[in-house]
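Try each task, then read its solution.

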Amino acid sequence: MWGFGLIWFGQLVSTVGSGLSGFILGVWVFQQTGSATLYALSAVFGSIPNILLLPLAGALVDRWNRRRTLIWCNLAASLCTLAVALLLVTGRLRVWHVYIVVSLLAISSTFLGLTYSTVVTLLVPRQHFGRSSGMNYTAQAAAQILPPLLAGVLAASIQLHGVLLIDYATYLFAIATLLLVHIPAHEPSSDGAGQRQPLLREATYGWNYVKARRGLLALMVYFATVNFVVGLALILLFPMVLSFTTTGGLGTIMSVSGLGFLLGGVTMGVWGGPKDRVRGLLSFGLLFGCSVLAMGLRPSVPLITAAAFCMHFFIPLVNGCSQAIWLSKTPPDVQGRVFAIRWMVGLSTSPLAYLLAGPLADRVFGPLVAGSATLQRLVGAEPGRGIGLMFITAGALTILAQFVSYFYPRLRRVEQEVPDAVGEVAVAQA
């Protein structure tokens, strides 16, 4: 796995660099405007392209050379970062510049993420798919933990433009690692038919592929449902915690949860996951649901910290099992299209959850707790306990989803009923 490991390390360094510049730019926007709305708009500009472009990006990724695509995506992102640094040094940087650059980086990230996910089957033996997923979640955890810790120190010593130049250098490092590894071309499969069709027709292919395999369709619906249910509560974690403690307590919870995410990724990377991936996915999903439920039981920093650690620890284990299934059941030459529709469906439920969460907390769960002595004995009568009840409800529904999924035979037997589309990988890498 050395070839994949080298690419992984390059992307890890680049992702941490991107996290540094993203953190610093967000602070800069808020300092310049003093507006939470304008600050939040940067996240909007960074997320919309992902959802809108995914089907088209999936079709293009399957057409293009994977190695060249990764190199060009990193190069495009590096030039965007360099442009921001130059604008800042010359005193010409404006908030709308940041919005444009964030959108361009999101487009690059969409193609980069899809392409990166499809090279696994070209470089990694099938029995190590779970391990490669764990490595990727370890990188994501590092990108969450390190930037907030390093950004303040670096900004004080080398200023914002210095941080941006570090990010620019990390993209070049990622490109260098890609130049050292040979990524073999994917062979045409019977599913891909080896024939190029009109782009829009190829963009819909991913949905047709998943729809024809009911086990994979059920797996996709499972994640979309859990993302929606849990998203209703998790988006309100900050208000719930700050209703009874200080920002220091919130910082402790976030730091420890990031550590849990890191350890979960390392565990999956070293272990590789269980042989029965569906059973492992649902078992870890059950423990994940219990952790979400526990976060809402009491307004207690130690309790929420422990529950958040466990919840984030199980995320890489659940997702690693799922990723291994998708990698083994999808031919390499159509993975871009299939993974694009899978990601689009999974991501599409989260914005809806975010829009509903606030009104549900203010108008439904908050008044429900305030008017019920029984619920107050269960979750407490302090401010913010309506959100606590939302966490309990989300956890309970997540637990229920594991049992419903297990008793649906197409999902439970997906590894037996859907034939493997990827054989063993034995390629020369240079």
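**Exercise 1.** In which crossing, left-handed or right-handed, does α12 pass α16?

Solution. First, the ground rules. This is a predicted model, in which local features need pLDDT of at least 70, side-chain atom pairs count only at pLDDT 80 or more, and totals for chains, interfaces and linings use all residues. Residues are numbered from 1 along each chain as its sequence is written, and side-chain values use heavy atoms, with hydrogens and water left out.

Helices are DSSP runs (H or I, at least four residues), numbered from the N terminus. Locate α12 at residues 277-295 and α16 at residues 385-406. α12 passes α16 in a left-handed crossing. The term applies if the near helix is turned anticlockwise from the far one by less than a right angle; clockwise is right-handed.

**Exercise 2.** Describe how α12 and α16 are oriented, and what their contact is made of.

Solution. Step one: the packing angle is about 165°, and the axes are 6 Å apart. Axes are lines fitted to C-alpha atoms, for helices over the stretch in contact, and angles run from 0 to 180 degrees between N-to-C directions. Step two: α12 and α16 are therefore roughly antiparallel. Angles over 145 degrees count as such, under 35 as roughly parallel, 65 to 115 as roughly perpendicular, and the rest as oblique. Step three: list the contact (heavy atoms within 4.5 Å). Residues in α12 including Leu 282, Gly 285 and Phe 288 meet residues in α16 including Phe 391, Gly 395 and Ile 399. The residues of this contact divide into 15 nonpolar, 6 polar and 1 charged. Here Ala, Val, Leu, Ile, Met, Phe, Trp, Tyr, Cys and Pro count as nonpolar, Asp, Glu, Lys and Arg as charged, and the others, Gly among them, as polar.

**Exercise 3.** Classify the packing of α9 (residues 214-234) on α14 (residues 335-370).

Solution. The axes come within 7 Å and cross at roughly 25°. That makes α9 roughly parallel to α14. The crossing is right-handed. The contact residues divide into 12 nonpolar, 5 polar and 1 charged.

Notes
Helix = DSSP H or I, 4+ residues; strand = E, 2+ residues; numbered from the N terminus.
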